[in-house]
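Here are my notes on this model, as numbered points. Please read them with the coordinates open.

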Amino acid sequence: ATLGTSISNVQIDNLPLISRDTYALLSLTPGVQNNANSNSLGFIEYHVYINGSTDDFTGQVSYYLDGGLNMTGLRNSGNASPNPDATSQYDVQTNNFSAQLGRYAAAVVSIVTKSGTNQWHGSAFEYYRSRNFNATTHNVTTGKTPYVQHRFGATFGGPIRRNKDFFFGSYGGYRYRTATQYTSP
């Protein structure tokens with residue numbers, strides 16, 4: 001009798017995820033007040049407030065990936081999550097979770113990745129956005145600033161030895177270029 005949310009592979013594939021971050025699915029869980037990430041120390045930290053919990057930059061949520069702990073040792077926040085195309089199941093338990101999972105009081109987030117099968121399977125994706133899709137600023141004659149955002153990746157899996165050994169791999173890339181405009185004081 002635990003409280004929480006399970007999100008299946010079909011839902012993960014069909015829901016729009018900004019910046020392709022599977023931790024954005026936390027917002028679908030009842031009781032989540034805030035789900036934000038920051039990059040203050042050179043790596044992404046996830047700060048989540050669930051059911052009135054406090055964060056205080058020390059973390060109150062346990063993150064697991066394929067049954068193993070997936071957290072930073074410095075701030076007790078979640079490490080980067082796998083590519084959404086490589087995620088098989090996403091589970092969030094916010095109350096009455098098992099004592100073996102309960103490192104912290106607020107919730108347990110568990111991600112299970114896909115695995116290989118006897119059939120060859122895979123996917124590819126690409127999202128490309130350039131300044132041609134950006135609007136110009138009103139009453140500015142300088143034109144559009146340079147801007148390129150490119151996300152791409154693929155997954156691939158299959159058998160090594162039929163009915164015995166399997167493999168599955170995933171790759172995701174991100175390229176971002178923009179111009180910095182300096183103004184004189």
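**Notes on the predicted model**

1. Asn83 is buried, at a relative accessible area of 13%. Buried means under 20% relative accessible area, exposed over 50%, and partly exposed in between (1.4 Å probe, protein chains only). This is a predicted model: local features need pLDDT of at least 70, side-chain atom pairs count only at pLDDT 80 or more, and totals for chains, interfaces and linings use all residues. Residues are numbered from 1 along each chain as its sequence is written, and side-chain values use heavy atoms, with hydrogens and water left out.

2. Asn83 sits in the loop between strand 5 (68–69) and strand 6 (87–95). Strands (E, at least two residues) and helices (H or I, at least four) are DSSP runs, numbered from the N terminus.

3. Which residues does Asn83 contact, leaving aside its neighbours within four places in sequence? They are Arg20, Phe125, Ser170, Tyr171 and Gly172. Contact means heavy atoms within 4.5 Å.

4. Five strands form an open sheet, order 1-6-7-4-5, with mixed pairing. Strand 1 (3–7) and strand 5 are at the edges, each with a single partner strand, so one side of each lacks a neighbour in the sheet. Strands pair if DSSP finds at least two bridges between them.

5. Strand 4 (residues 61–65) and strand 5 run antiparallel, joined by two bridges. Leu65 has Gly68 of strand 5 as its bridge partner.
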